Every structure is written in structure tokens, then in C-alpha cells.
Amino acid sequence: MRRSAATSLLVLLAIAPCWGCGRGQAAAAPVKTLPVKGTVRYNGKPVTQGTIKFEPEGPGREATGAIQPDGTFTLSTYEPDDGAVPGPHRVAITGAGATVPQKYSNFSSSGVEVEVAPDRSDYPIDLK
């Protein structure tokens, strides 16, 4: 019986530092988002496929949206169509095939930046 109590005490001491682990992250509210929609064009013509991504410079998750056949998109961050976190973002376009130069598929080389603000929701992306 002594051994059982000692074993239980050791197990208790071993797991005690983990009590509450992960609770803070699950309880943390996501950063507020703002509606973001727009049209992606390359040389004036709609980009007809792919994914557009907005990477925030500050806190918050990356927002993504499927580019529709007419070039339109709506971004999602935490839930479908909830938009992007406010503030400056770098933009990348992936999966567009040969219709868009490869440089636009990477945040650091695309050179496209957008400021997501509460006073607007339409963000046309004109690539050249």
C-alpha cells in the first residue's frame, strides 16, 4: 500500500505543472476581423483561378479566399467569409497557373500590400 501511495504522489507531482496547459489558447478570443472582398486582375483581365492570401503584419491569422472564375474573392480568417484582421497586409496569389507570374505567389516577392480598414470592404487587386 505504501508503494501505491508513493507512486500516486510521484504521478501527481509529475503532471501538476501541466494543469491548465492549453486553456489560455482555447479561451483566447480571435482577433476581430473586417469584411474583405474584391477582384484580382492581371494586366486588366480577371484572374480566373487560384487562392488569394492576406498576411497581417501584426497579430492575427492569415486570411485566404478562393478566386472565382470572374476574378472575385471573399476572404476568410476564422470563419467562412469573415474577412481579415485590420491593419497592413502583404498579399500573395497561389494556384493561378501561368496566368500570373510566379513572383506573386510569395508574400516577400509580390510587392502587393493592402491596408484593411473599417471604412471599406472592397479591395481590388491589380497586378501588372
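1. Rings of Phe, Tyr and Trp (its six-membered ring) are taken as a pair if their centres lie within 6.5 Å; planes under 30 degrees apart count as stacked, over 60 as edge-to-face and the rest as tilted. By this rule the count comes to one aromatic pair. The rings of Phe54 and Phe73 have centres 6.3 Å apart and planes at 50°, so the pair is tilted. Because Phe54 lies in strand S3 and Phe73 in strand S5, the pair ties together parts that are 19 residues apart in sequence. Strands (E, at least two residues) are DSSP runs, numbered from the N terminus. Both Phe54 and Phe73 are buried, where buried means under 20% relative accessible area, exposed over 50% and partly exposed in between (1.4 Å probe, protein chains only).

2. The model is predicted: local features need pLDDT of at least 70, side-chain atom pairs count only at pLDDT 80 or more, and totals for chains, interfaces and linings use all residues. Residues are numbered from 1 along each chain as its sequence is written, and side-chain values use heavy atoms, with hydrogens and water left out.

3. Strand S3 covers residues 51-56. Its covered face consists of Ile52, Phe54 and Pro56, while Thr51, Lys53 and Glu55 make up the uncovered one.

4. With which strands does S3 pair in the antiparallel sense? One partner is strand S4 (residues 63-66), joined to S3 over four bridges; the other is strand S6 (residues 87-94), joined to S3 by six bridges. Two strands pair if DSSP finds at least two bridges between them. Within S4, Ala66 is the bridge partner of Thr51, and in S6, His89 stands opposite Pro56.

5. The hairpin of S3 and S4 has six residues between the strands. In this hairpin, Gly60 takes a positive phi near 120°.

6. Most residues other than glycine have a negative phi. Asn43, which is not a glycine, has a positive phi of about 50°. Asn43 lies in the loop between strand S1 (37-42) and strand S2 (45-46), and it counts as exposed at 51% relative accessibility.

7. Asp81 is likewise a residue other than glycine with a positive phi, near 60°. Asp81 is found in the loop between strand S5 (72-74) and S6. Is Asp81 buried or exposed? At 52% relative accessibility, Asp81 counts as exposed.
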